[in-house]
Amino acid sequence: KYLEEDELTEEFKELLSSLPRERGWVVPHIYKYHGVWHTPAQLRGVLALHQHFQAQDSDILLVTTPKSGTTWLKSIMFALMNRSRYPKSEQHPLLKTNPHVLVPFLEIKLYANKELPDLASFVSPRLFCTHLSCTTLPNSARDSACKIVYLCRNPRDTFVSLFHFSNKLRTPNLPPNSIEEVFDMFCEGASVYGPFWDHVLGYWKESLRKPQKVFFLKYEEMKEQPTLHLKRLAEFLGCPFSKVEEKEGVVGDILELCSFGNMSNLVVNRGGRLESGEEHSAYFRKGEVGDWKNYMTEEMVQRLEKISEQKFKGSGLCL
Ligand code: A3P
């Protein structure tokens, strides 16, 4: 979302002018706030969130790096947590409503507007999503017993997905970014919610320190063994599948409902836009592991490998 000059308060403009600034991939500039790069619209949401959001012990936060499969995990978690309300139903909300509407982003949607959100309609356990880094999560999310499900993806596919998505979001009068140009920015950390490596490492460490609070998941693992990881996720969230459910194929039903093939072909996801302007279809491109091979040179791959090696050294994390 692009914020016009007259949408910004003097105080916010002052803050922006005090922050490190880089060229944005979609909007003109991104700003570094507490070590994380944000567009002005995101940053405004982050500030409002910090000021007003109070996490509850029963809340569940899905936290992801942009383009790691957020849309997919939003639908899986919605289906998982609401499975008794919508058993094998043709009326399932996911068939008619985009996952970003059912599981809203905190800073990009709920706290993105001048009016504060009314969270009274969210039934417990409330399910929210955010891209916030570990270091900029609201204190109440860190200090309460709320659970965090973290999703990331290998930097190669994350980058390629972000490259395509940001070009889609650029207004038609702007030329597309070249892959070389944004690749440099990605490597230097200047991508939304970046540096990518710091984001992932922060939650990786938290998941080791507090395994009861932070569940760490990779897109590639979920693709390879979806049944195993969906069952682990259900256990982590305190709503394990019963023997009867397993026998009735509930796990497979959720995975099928939320599969790329099914979700990307639904009428609701083929057309329409989010309130913030993005087309629903922009969130469904290929949904594969390894598409980076079609876009990245050997040199680019080596450069990413080198950064990952340096940043993740000694952490046990491998992406
Ligand atoms: P690609 O661009 O590689 O295709 P996010 O939801 O975090 O914005 O991430 C978008 C990425 O997840 C896109 O990756 C998109 O195609 C993929 N995706 C969306 N829905 C999916 C699904 N149901 N299963 C697997 N991948 C999915």
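Reader: By class, what residues does the shell around the ligand have?
Author: The shell has seven nonpolar, nine polar and five charged residues. This is a predicted model.

Reader: Which residues come nearest to the ligand?
Author: Thr-70, Thr-71, Ser-161, Arg-285 and Gly-287 do, out of the 21 residues around the ligand. Two or more shell residues come from each of helix H3 (70-81), helix H8 (155-169) and helix H15 (260-265).

Reader: What makes the radius of gyration of the protein agree with that of a compact globule?
Author: A compact globule of 319 residues would have a radius near 20 Å, and the protein has 19 Å, so the two agree. The C-alpha atoms fill a box of roughly 55 × 45 × 40 Å along the principal axes. The protein contains 17 helices and seven strands.

Reader: How many of the residues are buried?
Author: Of the 319 residues, 39% are buried. As for contacts between residues at least 6 apart in sequence, 75% join residues at least 24 apart.

Reader: How do you know on which side of H14 the buried residues lie?
Author: The buried residues in helix H14 (residues 250-257) are Val-250, Ile-254 and Leu-257. They cover an arc of only 70° around the axis, and therefore sit on the same side of H14. Their cover includes H3, helix H4 (93-96), helix H12 (226-236), helix H13 (243-248) and H15.

Reader: Why is Cys-239 called partly exposed?
Author: Cys-239 has 14 other C-beta atoms within 10 Å. Buried needs 20 or more and exposed needs 12 or fewer, so Cys-239, with 14, counts as partly exposed. Cys-239 is in the loop between H12 and H13.

Reader: Which residues does Cys-239 touch, not counting those up to four places away in sequence?
Author: Cys-239 touches Leu-80, Met-81 and Ala-234. From Cys-239 to Met-81 there are 158 residues in sequence, yet their C-alpha atoms are 7.5 Å apart in space.

Reader: Is Lys-67 buried or exposed, and how do you know?
Author: Lys-67 has 25 C-beta neighbours inside 10 Å. Buried requires 20 or more, so Lys-67 is buried. Lys-67 lies in the loop between strand E4 (60-64) and H3.

Reader: What is phi for Lys-67?
Author: Phi is positive for Lys-67, at about 70°, although Lys-67 is not a glycine. His-34, also not a glycine, has a positive phi of about 45°. Most residues other than glycine have a negative phi.

Reader: How do you know that the peptide bond from Ser-124 to Pro-125 is cis?
Author: Its omega is near -5°. Pro-125 is in the loop between helix H6 (106-110) and strand E5 (127-130). Another cis peptide bond, with omega about 0°, joins Gly-194 and Pro-195. Pro-195 is in the loop between helix H9 (179-187) and helix H10 (196-209). Most peptide bonds are trans.

Reader: Where does UniProt place the feature "domain: Sulfotransferase"?
Author: The unreviewed UniProt entry places that feature at residues 57-316. The span is 48% helix and 8% strand, and its end C-alpha atoms lie 29 Å apart.

Conventions: Residues numbered from 1 in each chain as written. Predicted model: local features only at pLDDT ≥ 70, side-chain atom pairs only at ≥ 80, totals over all residues. Near = placed C-beta within 6 Å. Helix = DSSP H or I, 4+ residues; strand = E, 2+ residues; numbered from the N terminus. Nonpolar A, V, L, I, M, F, W, Y, C, P; charged D, E, K, R; others polar. Rg over C-alpha atoms; globule rule 2.2 N^0.38 Å. Contact = placed C-beta atoms within 7 Å. Arc of directions from axis to C-beta. UniProt positions renumbered as here; feature names shortened; annotations may be inferred.
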